[in-house]
Amino acid sequence: MGVSNKTPEFVKMNPIGKVPVLLTPDGTVFESNAIARYVSHLKEDNPLNGSSLIEYAQIEQWIDFASFEVDAHVLTWFRPRIGRADYIKPVEEAAIASLKRALEALNTHLASTTYLVGHSVTLADIILTCNLLVGFTQVMTKSFTAEFPHVERYFWTMVNQPNVHKVIGEVKQTLSIPPIQSAKKPAQPKESAKSKAKDEPKKEVKKVEKEAPKPKEEVEEEEEAPKPKPKNPLDLLPPSKMVLDDWKRLYSNTKTNFREVAIKGFWDMYDPEGYSLWFCDYKYNDENTVSFVTLNKVSGFLQRMDLARKYAFGKMLVIGSDPPYKVKGLWLFRGQEIPKFVVDEVYDMELYDWSKVDISNEEQKERANQMIEDQEPFEGEALLDAKCFK
């Protein structure tokens, strides 16, 4: 940057010398959104562009929203913080206020839908996610985004889509806002050697004999060995007689007589000292008014739980034949508490009430059995869906 993008050849492709620029057989295209639109239209009837004229217009609407209401304000907040622009406090405050206003509007829209337009990912979702990515990873801490739970759910659902994750990799939310840095000022021109010589009186130059360099002892420093990767605290627990993979295999392979084979096998394997069982109940079931949105919410939660796959097994039930739908679950975790790294990394955890299963209580034990088995009706209601994490 600042060199090759200023050449006459590059400026012919983009008159203002910015990246990105896309070279095509028919000519060049610059500006990120224009390039994204071009690529999405290479495939005829691409679902990324909607299935009707109104959907196409709504996709364009949200692309503009992402650019002018999210990206612009995030960058106005972020750039001065890293010294890429002058820091002016009232400007930052105005940008944050405008960004909050935009996120409030987005949060309201996403309360009843999984994606921005229609029932699947569109170009608008891809562009908005890229704009939100800078915010979530650079300036928008958890305390800031907590005010917008539907935006949080949407963002983590999008970045964990397999095709998105393949491109952007693991995403972690920033823990703090960068400290203020002043933009670098241009260096003052140095006084020319000639003018300096005129102003200063000539000094007598004395010859100084250089002393022969003293021999130095060579000190061989041993290279510091790479530090071993810290172990997960759950790997440091005393060994358990329960082998989680054996249970997951039994669950997956049992097709008939589930109670007699799988449920009985679970309790034969279960180690109450090495593992614990937990019920979870979604706190905001009154919001679950649209079936596919509720199902996507649960699917997103299970995707984000992937980091615990080695240490957990879970069943999530979506209950009810009519809205609002109830979401309840049963989870088996290594150890006696819900793992701290799960609570810290998976924001969905705080959206549920958690209670430890008392296996000495036959009623609670039977409830756990019914959840593992996907028994229907469950607690007197039909099952809309049951999902398994294994």
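Tutor: What follows is a tour of helix α12 and its surroundings, with a brief look elsewhere at the end.

The model is predicted, so every value here is computed from predicted coordinates. The protein chain holds 14 helices and 7 strands. It has 390 residues, of which 38% count as buried. Take the contacts between residues at least 6 apart in sequence: 71% of them join residues at least 24 apart.

α12 covers residues 291-304. It has 14 residues and reaches 20 Å from its first C-alpha to its last. That is close to the 20 Å expected at 1.5 Å a residue. Its buried residues are V293, T294, K297, V298, G300, F301, L302 and R304. An α-helix has 3.6 residues a turn, so residues three or four places apart point the same way.

β6 and β3 run antiparallel and are joined by 5 bridges. Here Y282 stands opposite Y352 in β6. β3 then pairs with β5 over 7 bridges, again in the antiparallel sense. In that pairing, K328 in β5 is the bridge partner of D281. β5 and β4 are antiparallel too, with 8 bridges between them. F313 stands opposite L332 in β5. β4 and β5 form a hairpin with 6 residues between the strands. In this hairpin G320 takes a positive phi near 120°. How enclosed is β5? 8 of its 9 residues are buried, so the rest of the structure largely encloses it.

Now the aromatic side chains. A search of the whole structure finds 23 aromatic pairs. One of them joins α12 to the sheet: F301 and Y352 have ring centres 5.1 Å apart and planes at 25°, so they count as stacked. The cut-off behind that label is planes under 30 degrees apart. F301 and Y352 are both buried.

The pair also belongs to a wider group. Y282, Y284, F301, W331, F333, Y352, W354 and F389 form one aromatic cluster.

Two charged side chains sit over rings. R334 lies over the face of Y275, at 5.4 Å from the ring centre. The charged end of K365 sits over the ring of W267, 4.6 Å from its centre.

Finally, two buried residues for contrast of setting. I63 lies in helix α3 (residues 53-78). At 0% relative accessibility, I63 counts as buried. Leaving out residues up to four places away in sequence, I63 touches N33, R37, L123, A124 and I127. I63 and D125 are 62 residues apart in sequence, yet their C-alpha atoms are 8.2 Å apart in space.

T254 is in the loop between α10 (244-253) and α11 (258-269). Is T254 buried or exposed? T254 is buried, with a relative accessible area of 11%; the cut-off for buried is under 20%. Neighbours within four places in sequence aside, T254 is in contact with V261 and A262.

Conventions: Residues numbered from 1 in each chain as written. Predicted model: local features only at pLDDT ≥ 70, side-chain atom pairs only at ≥ 80, totals over all residues. Heavy atoms only, no water. Phe/Tyr/Trp six-rings, centres within 6.5 Å; stacked < 30°, edge-to-face > 60°. Helix = DSSP H or I, 4+ residues; strand = E, 2+ residues; numbered from the N terminus. Buried < 20%, exposed > 50% of the residue type's maximum accessible area, 1.4 Å probe, protein only. Lys NZ or Arg CZ within 6 Å of the ring centre and 35° of its normal. Expected span 1.5 Å × (residues − 1). Contact = heavy atoms within 4.5 Å. Pairing = 2+ DSSP bridges.
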